Structures are given as structure tokens and as C-alpha cells.
Amino acid sequence: MSNQQIIIAGGNIKPMTGEPEFTGSILVKDSKIAKIMKHSVAETDEDEESAFREMFGLSTEEPVHIVSARGKWVLPGFIDAHCHVGIGEEIYQHEGDDLNEMTDPLTPELRAIDGIHPEDEGFRDARLGGVTAAFTCPGSANVIGGTGVVVKTAGRVVEEMILRDPAGLKIAFGENPKFVYGEQKKMPMTRMGTAALLRQALVDAQNYREKLEQGQKDLDKLPERDLGLETINLVLDKKIPLRAHAHRTDDIMTAIRIAREFDVDLVLDHCTEGHKIADILQQYGYPAAVGPSFTNRAKVELKDKTFSTPGVLNKAGLKIAIITDHSVTPIEHLPLCAAMAVRNGLEEEDALKAITIWPAEILGVADRVGSLEVGKDADIVVWEGKPLSFEATPHTVLINGLIVKPE
């Protein structure tokens, strides 16, 4: 459906701003949330378009589409804070696998936007499942894998989908880099090697920055451009965070140790054993994108995975997001992952925040998505049933003010 004025009428609205849920209607105009009105359902006739026109001050000549939300739940679109949708395509094997450039352990110059295929079935599944935005990034084969991007889950080309690019630099600890490069008989074969390579890359970027500064004063000293070091300098300048793949407690602490050594921002991705050291992580305060828990113990460092981790970290005061790591867990099951966290100790309201406003804040896009507020992008889902219940299903999904479900 083309972009037009839309009224989501008479639903149970959960704005995810800290304000309690209320009954009301939302006016969508020019891809944004234009107005939010509180009212009782009794104040309007479900089929009376004129009542909603009057409520929002619309003339009879203005085209408007009414989406009845009576008896339904209205929430901001869900956000997956760590996945590989569009890069590791479903259905395809080698043809659509652009996750890892497994030829060099240090590839900071790689950019997720150059590997994303908007026609990946995962994007369709995401939006039909109520997931309207995601951080998608390179995989975890390399010590430094490249930059990730926050995208909407609808668009014909990547340029139509981008919310923030770059949005983080992927780094990886633990088994994966060891396995990939140990097989090649090259560094890193150990966790020490992984940490050493990362430290040296950060130092190289610091030295590169100093040479750039000298080159501004003396052009003869200006170094040749290095795209990888330029990217790492975005981290050193705190323009983007390190996104650290870390499952075990020792790998989590190595990520923190290095982030503190270089005074950079950090997001702990996976944080599988974070529940074991929640009190220690509380001292540092780095946010955690937790998951995927809806998977088997495919490797040793997942032996203690549990759906209780989000609740434990939340109670310790850490900002959390619940993730699928799609396609490890299919992205459309993000609300199911949140529901399983509730079953294992996380409060329901916090579980909803962990797939809406908190990931938006962690990803640096909360000015546009993550809550229902006037002026924000009209990424809205109307749910049949409470969103974290087993029976819940998205009735209507809007991305940028366009109805993408029903398609």
C-alpha cells in the first residue's frame, strides 16, 4: 500500500516510553507518527470513519485508511539487536553466504551493507513476524569482522533500509577465531592470540591517527589511506562501539579488559555465561545483547546457556536486548525468545523493552524507533493477542508508515 494517512483506531496501546498502556488511536502521516490520541473505545463507533476524522481534525476530502485495532494490542515494531539477516541468506548455501571473509583474521574494512540482499527470505519472515528493524553484521570467524548496520526489514535496496551505518565494529573472542585460523596454522590459535591481534590493531589505528594529524601540518607526512584503520578510529573516537562476540565468562572479561584499556564503547554480544558474573558485570555497566538461547549446545562454550540470563542481568542493572542471532534462531521467533525469558524470571514489561526501546538505545537509533511517540518512524505492529503470548500473531505491520502486512 502506498504511503498515505493511516489511522490505527481504538487499540490497546503500549508506547514503551514508561507510560502505562492506554486505549487510543494513532495517526500516521508521511512515514511518521503524527498524533496519538487517548480515548475510550466507547467514544467511537468501530466502523465510523467520520468519528476518527473528527478526532484527528481531518477533512472529508483528505484520503485516510482506517486500521481497526479494537480488542488488539498496538506496539512499536520489534528490534533484533544482533543477527545476520540478509548476509547469511536462507535457502542458499555458498551463493548467499556472505557472513565471513575467512582469509584474514583482521578485516575491519568490511561493511555489512555490501553483503546484504534485501530479497533474503529472512526479511520477509521478520516483518511478517512483527520485527521491523535489526542490527545485522558479519559473522564471528575473524577477530575483527567488519562493521554492522541497523536496517529496517523492508526495502528494495539497502539504501532504502538503512537506519544507521556504520553502527558497530564486530569483534570475536572464544572458539570461532581459534577454530578457523588454527585450521590454517596461523594466528590466532589461542585466546591469547585473539586478544593480541585485537590490541595491536587498536594500537595501529592510534598510530595512524597520529600520522593523519601530523599530515595536516605537513603533507609530506600524510600516510596513505587505510580503510581498516579508518574504521577502527571510529571506535577510538567513540562514534561506534565494539560489538564483542563473547560467550564464556573469560571471553566476556577479555572484551571488557581491552575496551577499558583503550577507553572505547562496548556492547557484549551473546553474553551466554553473563549470569555467572552478573555482579561483576554490574561494576562496568556495558549493555548486553543476550542470545541466542533458542538453540542447541552446538559448541562447548554454550554448555551453560539458559533463558534465565536476561533476567539475571536485568536485575543486576544492565541494559539488555534479547536477540536471535538469525539464522541460528529464525528472526520471526524474537517474541518467542522474549516470552521464554519471561518464563525464566524476566518481568514481562522488561522483556518487551528488551525487544523495543532498549535495543533501540543500545543501537543508537532510539530517536527514530523503539517506542510509539509523535515524530518517530511509523514502525507499528497491531497484535491479535498479547504479543508475548503463545497465541499472539501480528494482524497489521507498518514500516515507515507503509502497511507491509497484510502484503
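## Asparagine 176 and its surroundings

Leaving out residues up to four places away in sequence, asparagine 176 touches Ser140, Ala141, His245, Lys299 and Glu301, where contact means heavy atoms within 4.5 Å. With lysine 299, the side chain of asparagine 176 makes a side-chain polar contact of 2.8 Å; a polar contact is a pair of N or O atoms within 3.5 Å, and within protein one must be able to donate a hydrogen and the other to accept it, while residues adjacent in sequence count only if both atoms are side-chain atoms. Asparagine 176 lies in helix 4, residues 175-183; helices (H or I, at least four residues) and strands (E, at least two) are DSSP runs, numbered from the N terminus.

This is a predicted model, in which local features need pLDDT of at least 70 and side-chain atom pairs count only at pLDDT 80 or more, whereas totals for chains, interfaces and linings use all residues. Residues are numbered from 1 along each chain as its sequence is written, and side-chain values use heavy atoms, with hydrogens and water left out.

## Strand 14 and its partners

Strand 14 runs antiparallel to strand 5 (residues 73-76), joined by 4 bridges, and antiparallel to strand 15 (residues 393-399), joined by 5 bridges; two strands pair if DSSP finds at least two bridges between them. Valine 382 is the bridge partner of valine 74, and valine 381 stands opposite valine 397 in strand 15.
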